[in-house]
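Trainee: Could you take me through this model, beginning with the ligand site and then turning to a sheet?

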Amino acid sequence: MDIVNEAFASNWIAPLGPHVDAFEREFAELIGAKHAVALSSGSAALHLTLRLIGVERGDEVLCSSLTFCASANPIVYEGGRPVFIDADRATWTMDPDLLKLELQACAARGRLPRAVIVVDLYGQSADYDSILNVCSEYDVPVIEDAAEALGATYKGKMAGVFGKAGVFSFNGNKIITTSGGGMLVSEDENFIKRARFLATQARDPAAHYQHSEIGYNYRLSNVLAAIGRGQLRVLLDRVAARRRNNRLYRESLSGLPGVEFMPEAQYGRSTNWLSCITIDPKAFGATREDVRLALEAVNIEARPVWKPLHLQPIFAGCRTRGGQVAQEIFEDGLCLPSGSNLTDEDLERVVGIVQSIAGMRRHKI
Ligand SMILES: Cc1ncc(COP(=O)(O)O)c(C=O)c1O
């Protein structure tokens with residue numbers, strides 16, 4: 001709060017300012033990235049990345065299928081064509097074997113994709129050793145969409161630092177938020193400089209307003225950066241709270257027939273941004289939709305797992321490698337309430353409802 005007050009007191013409400021620079025520096029330091037630029041959203045960060053990588057009309061870009069539409073929309077902004085890769089059941093993130101098969105097929109066709117967007121899902125990082133191995137074989141850059149995974153680790157390193165660029169979101173529902181905002185990180189200083197330039201309407205260095213390229217209004221304001229700085233200080237507490245939610249849910253629900261939790265991969269530490277389960281209707285005696293509606297009836301919001309992008313009307317006709325795993329996770333998957341401020345009583349209420357549905361349906365059968 002002190003930092004935000006300072007931003008107002010200094011009257012530096014206009015875009016840019018000292019808190020933006022400090023937020024970028026502190027963020028980069030926290031996750032172990034070399035360079036960072038604060039932006040108006042995660043979507044803006046992805047869009048700039050694709051422009052800088054040089055996606056052009058007709059270019060293919062591979063992307064995880066099990067994710068939010070924002071992971072793939074910027075491919076279409078640039079006239080590119082998304083190609084979707086299925087999830088690995090063991091992590092729910094991109095399946096590296098299917099990625100390899102797709103890249104082999106692209107190479108055989110003589111047309112490699114311009115980039116691969118890998119999503120760190122619901123707080124869990126993808127398997128970067130395998131993914132980077134395959135992509136470096138074909139010299140295709142990896143973009144890490146870590147919008148949902150700030151604070152997660154992969155083999156001891158923070159998520160977001162594995163590709164050519166890493167993308168984060170501070171949208172309202174994320175583990176830390178500036179109400180809206182994003183961050184783009186990279187090891188490549190020039191890449192971040194170019195991103196900063198394009199995000200500021202590509203203004204040439206001249207006293208008057210001169211523009212030789214089309215840019216965007218994608219920067220984060222000084223006030224929102226001040227909020228972000230305050231939020232960074234509570235990140236580790238938030239991760240601990242989210243992991244605790246997950247542990248308590250597991251203790252109470254994992255014994256129910258047909259209930260499985262999103263697996264935590266051995267290679268890293270998930271933030272459990274959202275605690276997700278799948279419900280096998282045959283074993284459980286009710287569907288995930290029955291559970292969601294029972295929660296909704298008492299004003300508790302739970303949401304289905306992302307509908308895979310290869311099943312979305314906007315991406316109809318896009319090529320997909322696999323797809324069945326993401327579809328099954330979607331059909332049976334439910335994101336339980338996962339806020340960092342949930343109390344034991346809140347969690348017990350959710351657990352009680354899920355347990356009662358399981359019991360009820362078993363009686364009926
Ligand atoms: C996986 C993923 N990628 C990208 C985004 C886009 O971030 P933003 O909402 O900040 O544009 C989000 C969330 O909103 C997301 O969950």
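Trainee: How many nonpolar, polar and charged residues form the shell around the ligand?

Mentor: This is a predicted model, in which local features need pLDDT of at least 70 and side-chain atom pairs count only at pLDDT 80 or more, while totals for chains, interfaces and linings use all residues. Residues are numbered from 1 along each chain as its sequence is written, and side-chain values use heavy atoms, with hydrogens and water left out. Ala, Val, Leu, Ile, Met, Phe, Trp, Tyr, Cys and Pro count as nonpolar, Asp, Glu, Lys and Arg as charged, and the others, Gly among them, as polar. By these classes the shell holds four nonpolar, eight polar and three charged residues.

Trainee: How far is an N or O atom in the side chain of Ser43 from an oxygen atom of the ligand?

Mentor: A polar contact here is a pair of N or O atoms within 3.5 Å. A backbone N or O atom of Gly42 lies 2.8 Å from a ligand oxygen atom, and for the side chain of Lys174 the distance is 3.0 Å. For the side chain of Ser43, the distance to a ligand oxygen atom is 2.5 Å.

Trainee: In the open sheet of four strands, which are the edge strands?

Mentor: Strands are DSSP runs (E, at least two residues), numbered from the N terminus, and two of them pair if DSSP finds at least two bridges between them. The sheet has the order E10-E12-E15-E13 with antiparallel pairing. The strands that pair on one side only, and so form the edges, are E10 (259–261) and E13 (303–304).

Trainee: Which residue in E15 stands opposite Cys276?

Mentor: Strand E12 (residues 275–279) and strand E15 (residues 333–336) pair in the antiparallel sense over four bridges. Opposite Cys276 stands a residue of E15, Cys335.

Definitions and conventions:
Polar contact = N/O pair within 3.5 Å; in protein donor to acceptor, adjacent residues only side chain to side chain.
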